[in-house]
Amino acid sequence: MRKQIIAGNWKMHKNANQTEELLNELITKIPAKTNAQVIVAPTFVNLAAAVNKLKNTPIGVSAQNVHQAEGGAFTGEISADMLKSIGVDTVILGHSERRAIFNETDALIANKVDTALKHEMTVIFCFGEELKDRQSDNHFNIVENQLRDGLFHISKESWSNVVLAYEPVWAIGTGETASPEQAQEMHEFIRETIRKAFGNDIADEVSILYGGSVKPENAKEIFSKPDVDGGLIGGAALKADDFLAIVTAI
C-alpha cells in the first residue's frame, strides 16, 4: 500500500526564531494519529535545528535542494553528504522554481537524482507544465518528457526511494485554478506512464503528491481522488493551523 504524504516546502521563509516557533506549534498541535507521513522542508540554515527539534516526533525533515557533486569548489552549494551528516535523508528536486528561476534542466536534475539516491536519500521529484503548455494542449507531453528525462534511467529498485510531486505551474499564482478532476486526470496519466515503463508493482506503490496551491478549503476534495496520495504544500505550510488542517484532510 502506497504512502500518503503531506510535505511542507517552506521555501525562503522563516528565520531561526520563526522556524523554532512554527515547529513548536506543529509539535504541540499535530494529531496523535494521522494517516499521512508529515514532512517539513525549512531553509538550509535551519535544517540541523529542525532535525534536533523534531526528534521523537512524527514529523520528518527534508532539504529543498542538493548539489549534484560530491564536493568541491562550488561556493554556496550543499552536498548530499552534508545533509546526511545532520540527519536529513529526504530532498526536494526539480521544483518548478528551480527549473524556471535557476534554469535547472532535466539533465541536471537527473544528475541530482543520481547523487541523492547514491546516498540513500528519498527524492521528492517535482515536475509539471506551465500555462502555455496547458493552453496549447501539450501538458501531457511535457509531463511525460520531464519524467522520462529526469527519472527513467534509474533502476527499479531505486523507485522505493522516489516520491513524485506533480506541480501544475499554470495554477500557481496565475489566477487560473486547477480542479480536483484535472488533478486526478494528470495523476492517473502519471501512474499509467510509470506502469508502462516499470510495471504494475512500481506504478501501484509510488506516491504521487499534488502541488497546485493546496489549501484547507480544497484539500479534502483533492485528496479524495484515487491517484492523489497527498500534497507538496507551499504557502499553507507556513501557518501551523492551515498545514495541520491539510494533514487532517487526508
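**Close-up views of a predicted model**

**View 1. Phenylalanine 140 and phenylalanine 189 form a tilted ring pair.** Phenylalanine 140 has a relative accessible area of 24%, so it counts as partly exposed (buried is under 20%, exposed over 50%, partly exposed in between, with a 1.4 Å probe and protein chains only). Phenylalanine 189 is also partly exposed, at 22%. The two ring centres are 4.8 Å apart and the planes meet at 55 degrees. Rings of Phe, Tyr and Trp (its six-membered ring) pair if their centres lie within 6.5 Å; planes under 30 degrees apart are stacked, over 60 edge-to-face, and the rest tilted. Phenylalanine 140 belongs to helix α7 (residues 139-151) and phenylalanine 189 to helix α8 (residues 180-198), 49 residues apart. Helices (H or I, at least four residues) and strands (E, at least two) are DSSP runs, numbered from the N terminus.

The model is predicted: local features need pLDDT of at least 70 and side-chain atom pairs pLDDT 80 or more, while totals for chains, interfaces and linings use all residues. Residues are numbered from 1 along each chain as its sequence is written, and side-chain values use heavy atoms, without hydrogens or water.

**View 2. Phenylalanine 127 pairs with tyrosine 166.** The whole structure holds 6 aromatic pairs. In this tilted one, the centres are 6.3 Å apart and the planes 50 degrees. Phenylalanine 127 is in strand β5 (residues 122-127) and tyrosine 166 in strand β6 (residues 162-166), so the pair ties together parts 39 residues apart in sequence. Both residues are buried. Together with Phe125 and Tyr210, they form one aromatic cluster.

**View 3. Strand β1 (residues 5-9) is largely enclosed by the rest of the structure.** This is because 5 of its 5 residues are buried. Ile5, Ala7 and Asn9 point one way, and Ile6 and Gly8 the other. β1 pairs in the parallel sense with strand β2 (residues 37-41) over 5 bridges, and with strand β8 (residues 230-233) over 4 bridges, also parallel; pairing requires at least two DSSP bridges between the strands. Asparagine 9 has alanine 41 of β2 as its bridge partner, and alanine 7 has leucine 232 of β8.

**View 4. Leu26 lies in the largest nonpolar core, which has 67 residues.** Such a core is a set of buried Ala, Val, Leu, Ile, Met, Phe, Trp, Tyr and Cys residues joined through side-chain atoms within 4.5 Å. Leu26, Leu151, Trp159, Leu164 and Ile190 have the most contacts inside it. Leucine 26 touches Trp10, Val40, Ile59, Ala240, Phe243 and Leu244, leaving out residues up to four places away in sequence (contact means heavy atoms within 4.5 Å).
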